[in-house]
Amino acid sequence: MGVFELRLVIMVVTLLLIVPSMYGWGKHGHFMTCKIAENFLTGDALASVKALLPDSAEGELASVCSWPDEIRRSAHNRWSGPLHYIDTPDFRCNYQYCRDCHDSVGRKYRCVTGAIYNYTMQLMTESRDTDFSVMKC
C-alpha cells in the first residue's frame, strides 16, 4: 500500500468515526437519558407511565425513548421533526422560550418545549388545575 492509499484509508476511517457523533444522542443516548429521568418520577407517576407503554416495551420506559427519532424520519410524521429539539442563537448560552422556540421557517412554539407545553396542556385540560399562561409570549 502506497502513501496515497494509506492517507485515503486514514481519512475514511476518521470520517466514519466522526459521522456518528454528528447525529446527536442516538438510540443509546436516549436510552440512558430515559433511565436517568425514570429515577425522578414518583412511584405513582412511574406506574402511570408504564401503564401507557406498549406490550413490546415489556414495562421498560427506556426501550421506547428513541421513538421520536424513529417516527420523524417517515414521510407521514416528518412534521414532528422540529418538536424534537431547540436551536438557540449562535454564541448564546441560554434559552428563552419566546425567542428560541420556533421551527426553521419561524413558526412559534415549534420546538421540544413547545411540544411538551402543548401535550401537557392537553393532559391537564381534564383536571383544569394548572395555569400554563406563563408559557405564552
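## Salt bridges

Asp103 and Arg107 are joined through their side chains in a salt bridge, with 2.5 Å from N to O; the term denotes a side-chain nitrogen of Lys or Arg within 4 Å of a carboxyl oxygen of Asp or Glu. Asp103 is buried at 4% relative accessibility, where buried means under 20% relative accessible area, exposed over 50% and partly exposed in between (1.4 Å probe, protein chains only).

The model is predicted: local features need pLDDT of at least 70, side-chain atom pairs count only at pLDDT 80 or more, and totals for chains, interfaces and linings use all residues. Residues are numbered from 1 along each chain as its sequence is written, and side-chain values use heavy atoms, with hydrogens and water left out.

Six salt bridges are found in the whole structure. One of them links Arg99 and Asp100 at 2.6 Å, N to O; Arg99 is partly exposed at 23%, whereas Asp100 is buried at 2%. Another links Asp69 and Arg72 at 3.3 Å, N to O, with Asp69 buried at 10% relative accessibility and Arg72 partly exposed at 23%.

## Nonpolar core

The largest nonpolar core comprises six residues: Cys34, Leu53, Ala57, Leu61, Ala62 and Cys65. Such a core is a set of buried Ala, Val, Leu, Ile, Met, Phe, Trp, Tyr and Cys residues joined through side-chain atoms within 4.5 Å. Apart from neighbours within four places in sequence, Leu61 is in contact (heavy atoms within 4.5 Å) with Cys34, Glu38, Val49 and Leu53.

## Largest pocket

Leu61 is also among the residues nearest the centre of the largest pocket, together with Trp67, Pro68, Ile116 and Tyr119; 29 residues line this pocket. A pocket is an open set of points on a 1 Å grid over the protein atoms alone, where a 1.4 Å probe fits, with protein on both sides within 12 Å along at least five of seven lines; lining residues have an atom within 4 Å of a point. The space within is about 1400 Å³, a volume being that filled by probe spheres set on the points, which are joined across faces, edges and corners.

Helices H2 (26–38), H3 (43–52), H4 (67–71) and H6 (112–124) each supply at least two lining residues; helices are DSSP runs (H or I, at least four residues), numbered from the N terminus. H6 gives the largest share, seven residues.
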